[in-house]
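I opened the structure to note its overall layout. The entries below follow the order in which I looked things up.

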Amino acid sequence: MAVNYKELKQGGFMRQIQKDNFSMRLRIVGGQIEAKHLKKVYEIAEKYGQGYVHMTSRQGIEIPFIKLEDVEAVKNELTSSGLQPGACGPRVRTITACQGRKICPSGLIDTTELAQEFDRRYFARELPHKFKLGITGCSNNCLKAEENDLGVKGGMKPEWIEESCTFCGLCEAVCPKGAIQVQKKDKQVLLDESKCNSCGKCVKSCSFDAWGGKSGYIVYFGGLFGNQIATGRQLLPIIYTEEILYRVVDTTLEFFQRYGKKSERFGLTMERVGWDSLEKELKEISR
Amino acid sequence: MSARVDDYVDITDVVCPITFVKVKVALEELEEGQILEVKMNEGEPIQNVPRSLKDEGHQVTQVVNNEDGTFTILVKKDGI
């Protein structure tokens with residue numbers, strides 16, 4: 001019987017140069033795996049592979065040298081332990097994320113929870129080409145939001161709370177964009193919103209909680225970091241609710257499904273059809 | 001700096017994470033409420049050291065830009 005390589009690839013089994021050997025990709029969400037699952041990965045690598053795993057560039061795990069005749073057995077072992085194979089080919093890939101505000105002092109959003117929801121909603125959705133979703137908790141950008149087809153970055157719009165302020169000048173010193181001016185003598189603090197990059201460093205560092213603010217999601221569209229390199233573009237102001245964020249992702253994926261050519265990355269589709277139309281649609285649905 | 005200062009540490013000659021470590025060591029020698037003066041470089045130290053101090057319960061009460069690529073800050077031990 002002919003081997004359906006395409007179907008195997010779709011299910012996370014990638015052909016190796018060694019005939020009838022496959023590197024099996026696992027479904028990892030937000031760069032996290034439970035210890036008990038890691039133990040299973042170890043067992044499978046020992047039993048069916050060559051006793052090692054490969055860590056991918058996007059927080060994935062692959063077990064190389066799975067034999068064709070073992071594919072079904074490996075799939076069964078995976079599913080019975082609660083693990084699943086990953087996705088390759090023209091569909092939504094591994095959702096990447098940093099540890100976010102639940103762990104990291106710099107984090108502004110709960111990246112882990114968002115990655116899990118993205119995974120539930122979008123993982124392996126069929127599209128004209130591969131589609132990468134990545135989530136980073138703050139402007140330090142450990143997870144490189146702008147290199148994804150759609151990247152999310154935690155941000156915060158700061159608000160000055162006059163009655164708590166001691167005019168110490170720390171926020172002016174920490175602001176990487178020079179957007180804050182503390183006039184110590186006049187007891188005034190000026191924020192130039194056009195310079196503010198929503199990094200939240202003023203809020204995080206103020207000892208007196210004289211900066212508050214709402215955290216939200218800054219979304220970047222059309223990033224590429226493969227054969228071609230392009231930096232994702234921010235088309236919308238910071239988004240404050242998950243509901244609007246999902247609407248934005250839904251609309252983007254539908255747009256790509258509608259206008260993308262086979263084997264054309266999203267950013268290149270946008271270059272071809274023009275960014276204006278997507279921007280207009282997104283602005284309408286994110287109001 | 002006009003306020004009363006109980007100790008001084010210069011962290012312009014070290015890089016992260018030794019910057020914060022030197023400040024912590026200096027703070028350990030102080031009593032609650034006492035003031036430590038810290039001189040640090042612009043960029044990464046001024047962006048991170050005050051935030052880490054806040055996370056550990058201390059207060060940054062004054063910041064002066066020395067206009068030479070360094071800042072001098074006053075830290076009150078254990079806030080209050």
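How many helices and strands does the secondary structure of chain A come to? I counted nine helices and 13 strands in chain A. I note that the model is predicted.

Next I looked up the extent of chain A. Along the principal axes, I found that its C-alpha atoms fill a box of roughly 80 × 45 × 30 Å. I then checked burial: of the 287 residues in chain A, 42% are buried. For contacts in chain A with a separation of 6 or more, I noted that 63% are between residues 24 or more positions apart.

Then I turned to the domains. I found chain A divided into domain 1 (5–81), domain 2 (92–155 + 216–285) and domain 3 (159–213). I looked up the centres of domain 2 and domain 3 of chain A, taken over C-alpha atoms, and they are 30 Å apart. Six residues from domain 2 of chain A and four residues from domain 3 of chain A take part in the contact.

Last, I went to the interface between the chains. Which is in contact with 12 residues of chain A, and with how many residues of its own? I found 14 residues of chain B there. Helix 2 (44–55) and strand 3 (59–65) of chain B each give at least two residues to the side that touches chain A. By class, I recorded this side of chain B as five nonpolar, six polar and three charged residues.

Definitions and conventions
Residues numbered from 1 in each chain as written. Chains lettered and ligands numbered in written order. Predicted model: local features only at pLDDT ≥ 70, side-chain atom pairs only at ≥ 80, totals over all residues. Helix = DSSP H or I, 4+ residues; strand = E, 2+ residues; numbered from the N terminus. Buried ≥ 20, exposed ≤ 12 C-beta atoms within 10 Å, placed from the backbone. Contact = placed C-beta atoms within 7 Å. Domains from an automatic or database assignment. Nonpolar A, V, L, I, M, F, W, Y, C, P; charged D, E, K, R; others polar.
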